[in-house]
Amino acid sequence: MSEPTLPVAAVAPVALSPTLREQQRHAFSREELLACGRGELFGPGNARLPLPNMLMMDRIVRIDDTGGDFGKGIIEAELDIHPDLWFFGCHFEGDPVMPGCLGLDALWQLVGFWLGWRGNPGRGRALGSGEVKFFGQVLPSVKTVTYKLHLKRVVERKLVMGIADGHMYADGREIYTATDLKVGLFTSTDNF
């Protein structure tokens, strides 16, 4: 007879030692991002990226807790665009374009990843944003989407939260901006 399994919410966060930050890890491959989605990168109960189809990046090319516009950290990631990506087939028939909400979600995903990379425990949840502006689009003809986030505030106490300003580029042209992207890490999401 097999052991009963605990529900996901009952898995207590487990800290990695040393953290990926302490290991001087400043870039991550798609395979490592998929491992994060399975809970293997930051440990059980901690931050995860979504798995495909909602994983909105193929690699993190730079992550640091210094630099950026505010001197508190930066993260840059890329998504390779292919005409056969799932969202082009349904958004919209005859007029394919990447939904803006997916780019916004990618920016939140990256703030949560950054918090986990720093060694903070808990599961990530988007908490809001300030102003969001769209002034371009991702069509099937685009080759690469680039995301750049500049951390502007980091809280690492009982409350763990990152606040960042984000930018999204299509083949080098800025097409989205979002201010005050907020993500928190929670050791329990039972009452969220």
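**Exercise 1.** Which side chain meets Arg-118 in a salt bridge?

*Solution.* Begin with the conventions: the model is predicted, so that local features need pLDDT of at least 70 and side-chain atom pairs count only at pLDDT 80 or more, while totals for chains, interfaces and linings use all residues. Residues are numbered from 1 along each chain as its sequence is written, and side-chain values use heavy atoms, with hydrogens and water left out.

Next, apply the criterion, under which a side-chain nitrogen of Lys or Arg lies within 4 Å of a carboxyl oxygen of Asp or Glu. The partner is Asp-65, at 2.8 Å from N to O. Arg-118 lies in the loop between α2 (100-117) and β3 (123-128) and Asp-65 in the loop between β1 and β2 (74-80), so the pair ties together parts that are 53 residues apart in sequence; helices (H or I, at least four residues) and strands (E, at least two) are DSSP runs, numbered from the N terminus.

Finally, Asp-65 is buried, with a relative accessible area of 17%, where buried means under 20%, exposed over 50% and partly exposed in between (1.4 Å probe, protein chains only).

**Exercise 2.** Identify the network of salt bridges to which Asp-65 and Arg-118 belong.

*Solution.* The linked residues are Arg-21, Asp-65, Arg-118 and Glu-156. For the whole structure, the search finds 12 salt bridges.

**Exercise 3.** Describe the salt bridge between Asp-58 and Arg-30.

*Solution.* The N to O distance is 3.0 Å. The pair links distant parts of the chain, 28 residues apart, with Arg-30 in helix α1 and Asp-58 in the loop between α1 (30-37) and β1 (59-64). Asp-58 is buried at 12% relative accessible area, whereas Arg-30 is partly exposed at 28%.
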